[in-house]
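Me: Hi! Could you walk me through this one while I look at it?

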Amino acid sequence: MKFGKKTAFAALVAASALVFAGCAGGGDVIEEGSGDGGSGDGEMYIALVSKGFQHQFWQAVKTGAQEKADELGVKITFEGPAAETEIAQQLEMLTTAIDKNPDAIAYAALDPEACVAPLEQAKAKDIPVVYFDAPCDRATSDSACRRPTARSPVRSPQSTWPS
């Protein structure tokens, strides 16, 4: 799927907003940029692949992301393995998401090394990737969001994709 820089930027902003909505846990959402980009050919689609699905934290992330998606008019899918030990299942979910050619992917890595190859495929397809909670080993994404702690509060997106 080919699209312009405006669409990629809009997808990144929307994915970041969704991720920050989930990571914020009901607090303020940090957003940057403007939403004036986009392909104009329909609803934006963002795939979220988390570390899990059943834990209360991941349910809160899903709820926050869905609320923000509804507010922005963005279609999302939210997947995660049944247990945070099921790396192979998570990688299948990531690969399936990439195959669907979303406008962006939000990803929380269970294994920071195993996700490198699939995320390089996403990069080759010009699919922006935003990490949340845990990144991949290599800088193959456009942004990161981690769980806020006293020592590391949620920060605005930082570009880590090499030029």
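Me: To start, how many helices and strands are in the protein chain?
Reply: The protein chain has four helices and five strands. Helices (H or I, at least four residues) and strands (E, at least two) are DSSP runs, numbered from the N terminus. Before we go on, this is a predicted model, where local features need pLDDT of at least 70, side-chain atom pairs count only at pLDDT 80 or more, and totals for chains, interfaces and linings use all residues. Residues are numbered from 1 along each chain as its sequence is written, and side-chain values use heavy atoms, with hydrogens and water left out.

Me: Thanks! In what order do the elements run from the N terminus?
Reply: The order along the protein chain is α-β-α-β-α-β-α-β-β.

Me: And what share of the residues counts as buried?
Reply: Of the 163 residues in the protein chain, 44% are buried. Buried means under 20% relative accessible area, exposed over 50%, and partly exposed in between (1.4 Å probe, protein chains only).

Me: What about contacts between residues 24 or more positions apart?
Reply: Those make up 67% of the protein chain's contacts with a separation of 6 or more. A contact here is heavy atoms within 4.5 Å.

Me: Switching to cysteines, how many disulfides does a search of the whole structure find?
Reply: The search finds one disulfide, meaning a pair of cysteine sulfur atoms within 2.5 Å. Cys115 and Cys136 form this link, with S to S at 1.9 Å. The pair connects distant parts of the chain, 21 residues apart. Cys115 is in the loop between strand E3 (104-107) and helix H4 (116-124), and Cys136 is in the loop between strand E4 (129-132) and strand E5 (143-145).

Me: Which hand does the link of Cys115 and Cys136 have?
Reply: The link is right-handed, with 140° about the S-S bond.

Me: Is Cys115 buried or exposed? And why?
Reply: Cys115 counts as buried because its relative accessibility is 0%.

Me: Now the inside of the protein. Which residues have the most contacts inside the largest nonpolar core?
Reply: Those are Leu94, Ile105, Tyr107, Cys115 and Leu119, in a core of 19 residues. A nonpolar core is a set of buried Ala, Val, Leu, Ile, Met, Phe, Trp, Tyr and Cys residues joined through side-chain atoms within 4.5 Å.

Me: Which elements give two or more residues to this core?
Reply: They are strand E1 (45-49), helix H3 (87-99), E3, H4 and E4. H3 gives the most, with five residues. Apart from this core lies another of 14 residues, among them Met44, Trp58, Ala104 and Ala106.

Me: At what angle do H3 and H4 pack?
Reply: At about 10°, with their axes 10 Å apart. The axes are lines fitted to C-alpha atoms, for helices over the stretch in contact, and angles run from 0 to 180 degrees between N-to-C directions. That angle makes H3 roughly parallel to H4. For reference, angles under 35 degrees count as roughly parallel, over 145 as roughly antiparallel, 65 to 115 as roughly perpendicular and the rest as oblique.

Me: Which residues make the contact?
Reply: H3 uses Leu91, Leu94, Thr95 and Ile98, while H4 uses Pro118, Leu119 and Ala122. By class, the contact has six nonpolar residues, one polar and no charged. In that scheme Ala, Val, Leu, Ile, Met, Phe, Trp, Tyr, Cys and Pro count as nonpolar, Asp, Glu, Lys and Arg as charged, and the others, Gly among them, as polar.

Me: Staying on H3, is Gln90 buried or exposed?
Reply: Gln90, which lies in helix H3, is buried at 0% relative accessibility. Leaving aside neighbours within four places in sequence, Gln90 is in contact with residues including Val49, Lys51, Tyr107 and Leu110. Thr96 also lies in helix H3, but Thr96 is partly exposed at 37% relative accessibility.

Me: Last topic, backbone angles. What is phi of Asn101?
Reply: Phi of Asn101 is near 50°, a positive value in a residue other than glycine. Asn101 sits in the loop between H3 and E3 and is partly exposed, at 26% relative accessibility.

Me: And what is phi of Asp133?
Reply: Phi of Asp133 is near 75°, again a positive value in a residue other than glycine. Asp133 is in the loop between E4 and E5 and is buried, with a relative accessible area of 13%.
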